[in-house]
Structure formats: C-alpha cells, structure tokens
Amino acid sequence: MPTRFRWMRLRPQEIALIAITAVWGSTFLLVHWAMEHSGPWFFVGIRFLVAGLISVAIFHRALRGIRWRDVGAGVAIGVMIYLGYGLQTVGLQTIDSSTSAFITAMYVPLVPLAQWAVFRKRPPAMAFVGAGLAFIGLMLIAGPAAFTLTLGAGEIATLISTLPIAAEIILISVFAGRIDLGRITIIQLLTAGALGILTMPIAGETVPEFSWIWVGCAVGLGAASCLIQLTMNWAQKSVSPTRATIIYAGEPVWAGIVGRIAGERLPLLALIGGALVVLGILASELKLVRRRAPE
C-alpha cells in the first residue's frame, strides 16, 4: 500500500489566520515603545478595554440575546488572553526579545499535545512534523543567547505565559462553533482589559503620566487586538488548534520583516530560522495518502 503526499489548498479561514499573524507580528514594535512610558498591566488593561469597546460598537446588537454559556466561554478565553499577554509583557521588562521569543515558542509543540489530551484525537503526523520544524526555526530566530537561560523573574513569567497562550487556542476551538461570534469577542476582550486594570494595585503599579505614545499605541493595538481575536474566533470554527498554531508560529517571521523595514538587520541564523518556520507551515499542509494496491 504505497504512500504519497498530497497538498491541501489553503482555505479562506487559513488565509485569514496568516493575515492576522502578520498583524500580530507587527505589534511588537508598538509594545516596545509603549513600555518606555507605561507599566505592563496598565497597558494590557487599556489595550484590551479599547479593543472591547470597538467590538461593542460593531456587535452591540448581538448582546440582546446573550446567554450564560456565552458569558462563561468569553470569560474563560478572556482570562487566558489576560494571563498570556500580561505575563509576556511583564517578562519583557527584564529580558530581551530574543530570549522571550525562544521561551514563548514553547506553546508551538505544546498545543498539539494539549489538543490530543483534550479532544482525545491524535493530530495528523505531519502536524507534529510542522510543529517541530517551526519550533526549531523559532529557536534559531531567538539566537544563541536564548540557549543560555537563567531562570530569573522575567524568564519564569514568560515561561508561565506559554500555558495560557496554548489554552487560549484550545478554548477558542472548543467554543467556536457553539456560541455567537460577536458576543464571545466582546466578552473576552473586556474581561482581559478589566483584569489587567484590576491587577495594577496588586502589582504595585500606578497610572502613568499622560503620553501620546502610550495612548497611540494602546488605541492602535486595541484595534489590532479586536481584529485578531475576531478572526481567530471565526477561523478556528473550521481550523484545528494544531494547524492554527503552525500558522501562528509565523509571527516572529513577520516581526522580523517589520523590524528590518524599521532599520534592524537580522543575522543569517535568524533568516534560516524564518525559513524553517515557513517550511513548518508548508509541512503541516501536507497529507499522507495511502493508496490501495490494485488487486
């Protein structure tokens, strides 16, 4: 029974995820600027409250028939967004971006395993191959310094953030086909924003002085976050968590492209890593097809 490869054509949902991954990767520069003028939890709170208000303006009619299952699903995803983005932002205060990218990349191989555990359904073999290639690529993008980790507060916070990031992707797939798109988008964004603000006094953080830089970044990233979460909620109705994760692994590649446009120059090792991430995405699109031998 010979085995051959067959390419899967990209569906509109997968193309949409690739597009929002590009948007996602381009936000790192804005976050870097904002952290020079704001604390992490305040900025995360404002960012997602802005995103929530934008989603309310778009989907306010959907709130009329809201149900408790919508609230529960939205809050669950919102908590994961809050923890993932919040802890990652906290970590970036004390560690450089390459180390952060390496640690955060742990969610790439984590999602297929989590999907296996949650859904009791083994992902296709090529999904693991794609996740592995993407993970290796992310390590190369991070650079040699990422392999000499010392577990300080920043590293620990970033390492913990990979768990809610993986959980967010799984939860979106669990709830995507069962609840209203507009309602869950509103609830999860407002939940993440409110929790960010409520964390400020616990973390000893105060409201920063007014600056057009953090205001502009918060509004811009709020709009981007609304677009990203809305697209994820829609696309993952039909795209598996593992396949979505492979696509999301292209985020540092897009971040590198934006950084190069802004004047940064990536080393050769990082370029090779970017190529491996793209190869991982392509590998995940392959299906092993077994053909019966003629009788």
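Author: P40, W41, V44, R47 and F48 of helix 3 meet I81, Y82, Y85, G86, L87, T89 and V90 of helix 4, where contact means heavy atoms within 4.5 Å. The model is predicted: local features need pLDDT of at least 70 and side-chain atom pairs pLDDT 80 or more, while totals for chains, interfaces and linings use all residues. Residues are numbered from 1 along each chain as its sequence is written, and side-chain values use heavy atoms, without hydrogens or water. Helices are DSSP runs (H or I, at least four residues) numbered from the N terminus.

By class, this contact of helix 3 with helix 4 divides into 9 nonpolar, 2 polar and 1 charged residue. Here Ala, Val, Leu, Ile, Met, Phe, Trp, Tyr, Cys and Pro count as nonpolar, Asp, Glu, Lys and Arg as charged, and the others, including Gly, as polar. Helix 3 spans residues 40–59, and its axis comes within 9 Å of that of helix 4, crossing at roughly 140°. Axes are lines fitted to C-alpha atoms over the stretch in contact, with angles from 0 to 180 degrees between N-to-C directions. The two helices are therefore oblique to each other; angles under 35 degrees count as roughly parallel, over 145 as roughly antiparallel, 65 to 115 as roughly perpendicular and the rest as oblique. The crossing of helix 3 and helix 4 is right-handed, that is, the near helix is turned clockwise from the far one by less than a right angle.

Some residues of this contact, R47, Y85 and T89 among them, also line the largest cavity, together with W24, T27, F28, V31, Q88, L92 and E251. A cavity is a set of points on a 1 Å grid over the protein atoms alone where a 1.4 Å probe fits but cannot get out, and its lining residues have an atom within 4 Å of a point. The elements giving two or more residues to this lining are helix 2 (28–34) and helix 4 (68–91), and helix 4 supplies the largest share, with 3 residues. The lining holds 5 nonpolar, 3 polar and 2 charged residues, and the largest cavity contains about 100 Å³ of space, a volume being the space filled by probe spheres set on grid points joined across faces, edges and corners.

The count is 2 cavities of 30 Å³ or more.

Helix 8 leads on to another packing. Its axis lies 10 Å from that of helix 11 (residues 241–248), at an angle of about 135°, which makes helix 8 oblique to helix 11. This crossing is right-handed, and I169, I170 and S173 of helix 8 touch P241, T245 and Y248 of helix 11. The contact has 4 nonpolar, 2 polar and no charged residues.

Helix 11 also packs with helix 6 (residues 107–119), at about 170° with the axes 9 Å apart; these two helices are therefore roughly antiparallel. Y107, V108, V111, P112, Q115 and F119 of helix 6 contact P241, T242, T245 and Y248 of helix 11, giving 7 nonpolar, 3 polar and no charged residues.

Methods
On a 1 Å grid over the protein atoms alone, a cavity is a set of points where a 1.4 Å probe fits but cannot get out, and a pocket is an open set with protein on both sides within 12 Å along at least five of seven lines; lining residues have an atom within 4 Å of a point.
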